[in-house]
Amino acid sequence: MSDKIYQPETSPVLALRNLVIFPEQTMSFEVGRLKSVRAIKSAVETENRKIFLVSQKDAKVEDPKFSELSEVGVVAEIKQISGSSDSNNFEIVVEGLYRACVKEITRERISLRAVIEQLPETYPDNNDNLTVATLRTLKSKFDEYISVSPRIAPEIFLAILEEENLADVTDDIAGHFHFEVSDKQSLLNELDVMKRAEKLCSILSKETELLKLELEISDKVQEKMDKNQREYYLREEMKVISKELGDDDSPISEARKYKDKIALLPIDDKSKKKLYEECDRLIKTSQGSPEANVTRTYLERVTNLPWGVYTEDALDVCAARKILDKDHYGLTEVKERIIELIAVKKLAPDANAQILCLVGPPGVGKTSVAKSLAKAMGRRYVRISLGGVRDEAEIRGHRKTYIGSMPGRIITAIEQAETANPLILLDEIDKLGSDYKGDPSSALLEVLDGEQNNTFTDHYIEVPFDLSKALFITTANDASQIPAPLYDRMEVIELYSYTAEDKFLIAKKHLIPKQIKNFGMNAKMIRFTDTAIRCMISDYTKEAGVRTLDRTITKIIRKVAVKFAEGFDGKITVDPASLAEYLGAPRYKSSKLDFDDMVGAANGLAWTAVGGEMMQIEVAVLDGSGKIELTGSLGDVMKESAKAAVTYIRSKADALGIERDFYKTKDIHIHVPEGAVPKDGPSAGVTMTTALASALTGRAVNKTVAMTGEITLRGKVLAIGGLREKSTAAFKNGMKTVLIPEENKADLDKVNDTVKNAIEFIPVSNLDEVLSVALAETEHRKIQKAEAPKRKAVKNREPEKKSTGVYCREV
């Protein structure tokens, strides 16, 4: 205790977190916050090295203000400081001097600084009987607390017991022992020593009771552990007794049952040895322990796998063809490949089947084709959805040492099928992800390799399982998203978008009869007219497949079912006039050529994951300084195509009758409508060049012409992908002519016959040919062309109908 009186003085302020320091207490702690470091440096620069230490009210606040600090703190002297001057981390040793509070705030933003005033304390007479009694009571409480508290330094304990000053004893106990921060702060706030001692007695009593409870709980835990040890020995004795009595429920009998099952499994000796070791581990493990349950579950799953269990294949090609034709309309290429697979399997049963990957937009029948194949071959069907799978353990399983571990999806599918040769559909293989947990696509490399999957080892099973007899079919929407090593292991078969005629026939022959049956009706209760079906396709759906069409039909049948449930007796005919009643107003407008030939706009064709789309590219040419503006959420490749188009037009300015310096005197704005939809790809180069040429020459673009193709700076037209989908989009939008790259002529075999009969496809190899077809000629150019001599090297050939049903015209 110090009787010295200190005058108010300006001092740095250091906020403490979860720490309270008392007078005459020496303590070391680390300082790392910027304001705190500045306060320490400021205090060290002063002669007396004093600093005001005060606890935060909320330790979570990173940058406390004065209002967030406790009212009472301690002025301390910095005795020692360690740490680099360039570092923001220090360790300091301080000694508390006296209680104090903030009288006036002088700085708060850069660091905390204030005028600090000493707080007067009320000291009792140490010779007074009440003081002596209070001191004895306090030491008695302290002695009781020490008897149950963790070990402390003997010198601290002896120093407190020998101390006769009540104020010093109170601060020593409060400062050296681990009480709640709020309790310590309340002791620091109390300026009356007698009241402070009473508070400390209460705190010591509370802490003593808590420590006693902790010791009691600890003793109970120890007692329970001893009990478990005792139970272990008793169980060992029970095993011996059970063995003598021949009890079937003993671990030895249980392990013997598993060993009998393992002996019958058609697996190699190394695998059997591994399983036998697990059985021996089960015997040695306590029957009710978690380890025993893990081992028991493992042996149960392994022995219940269909080792060597195969279903007999139905390899009747004619019957398979009937099933496929009954379940699906069209899909000729897919059906033929499946028939080939069945035929090869019939001739060479032991040959490894090729992994098939069905690629196409949603709703075109990829998953249902796999179901039909399983039905045609008489195999069990299991579907595994891979969309969003990001963990390699989903494929290979988790090690059985982990809590809640289980086999991967492949082995789980084998368990569900209860046979080793099911048809396993790996759905949405292009949507696999990867993260820090591994790459599931890499785990699939072994599964989908016919040379490796005969020894597929799941992390949980830990025994090789033969997957070579299983038939794997995968599906994807976008083949470009499949990793290259995985793609290389599969035979890719493309399923294309349905035309309106395809959808009509699918709806009439498959969807409507199926849904009528599903809802408990028959053809005598409801009928769809052909016109109504076509209206549903054109006005209420816009998709590559038929899922939305199926839901639309279902919606109508549900509403009809309500009428029959309400007592209607008769037959309901769904015609175009009644569609609005069942489905509301049409969602999509039918594509009609209700516009004239356009200047500065051309019809382009695009491929999307749900089929083809036709998009108009617009170009506006304005007086300006040669700026080029590109809008419509265009990707980098599309922007480069626009720059290539401008460069080509500049090189052909004289031939097109355009001013040579248009790129200096004109601003060009290229826009692709539906700006919220991102667009990218090189195949819009031809369309951009045509629209730009139209805008600069004033020549209109034929409204019935659509085009696609990548361009070079020399004007060559390069090949593109997705011709079938793009041509279908042109057909839907009423186009009469489609310009395609010369290199894509071979792809016309994949185009639907209905589309080929309705559209004239013109292969082109350069942009001159494109512009000659797409741009309408002015009267002046018509006269020039009539007066010009005819060149013998170039002839216009009449449209020739080829064997594919495609009308082509060489230009």
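In strand β4, L53 has V74 as its bridge partner. That bridge belongs to the pairing of strand β3 (residues 50-55) with strand β4 (residues 73-82), which run antiparallel and are joined by 4 bridges. Strands here are DSSP runs of E with at least two residues, helices are runs of H or I with at least four residues, and both are numbered from the N terminus. Two strands count as paired if DSSP finds at least two bridges between them.

β4 also pairs in the antiparallel sense with strand β5 (residues 90-107), over 9 bridges. Here G73 stands opposite A100 in β5.

A word on what you are looking at: this is a predicted model, in which local features need pLDDT of at least 70 and side-chain atom pairs count only at pLDDT 80 or more, while totals for chains, interfaces and linings use all residues. Residues are numbered from 1 along each chain as its sequence is written, and side-chain values use heavy atoms, with hydrogens and water left out.

**The chain as a whole**

The secondary structure of the chain comes to 28 helices and 26 strands. Of its 811 residues, 46% count as buried, where buried means under 20% relative accessible area, exposed over 50%, and partly exposed in between (1.4 Å probe, protein chains only). Among contacts with a separation of 6 or more, 73% are between residues 24 or more positions apart; a contact means heavy atoms within 4.5 Å.

**A parallel sheet**

Next, follow the open sheet of 5 strands, with parallel pairing and the order β8-β9-β12-β7-β13. Its edge strands, each pairing on one side only, are β8 (381-385) and β13 (490-494). Neighbouring strands of this sheet are turned by 25° against each other on average, direction ignored. Strand β7 (residues 355-359) pairs with β13 in the parallel sense over 5 bridges, and L356 stands opposite E491 in β13.

Not counting residues up to four places away in sequence, T131 touches P124, D125, N126, L166 and M194. With the same exclusion, I668 touches V619, A620, K627, I628, E629, F662 and L692. I668 and G624 are 44 residues apart in sequence, and their C-alpha atoms are 8.6 Å apart in space.

**Two helices that cross**

Two packed helices are described by the angle between their axes and the distance between the axes. The axes of helix α24 (residues 685-697) and helix α27 (residues 767-774) come within 10 Å and cross at roughly 55°. Such axes are lines fitted to C-alpha atoms, for helices over the stretch in contact, and angles run from 0 to 180 degrees between N-to-C directions. α24 and α27 are therefore oblique to each other; angles under 35 degrees count as roughly parallel, over 145 as roughly antiparallel, 65 to 115 as roughly perpendicular and the rest as oblique. Their crossing is right-handed, meaning that the near helix is turned clockwise from the far one by less than a right angle.

Where do α24 and α27 meet? V686, T689, T690 and A693 in α24 meet L767, V770, L771 and A774 in α27. By class, this contact has 6 nonpolar, 2 polar and no charged residues. Ala, Val, Leu, Ile, Met, Phe, Trp, Tyr, Cys and Pro count as nonpolar, Asp, Glu, Lys and Arg as charged, and the others, Gly among them, as polar.
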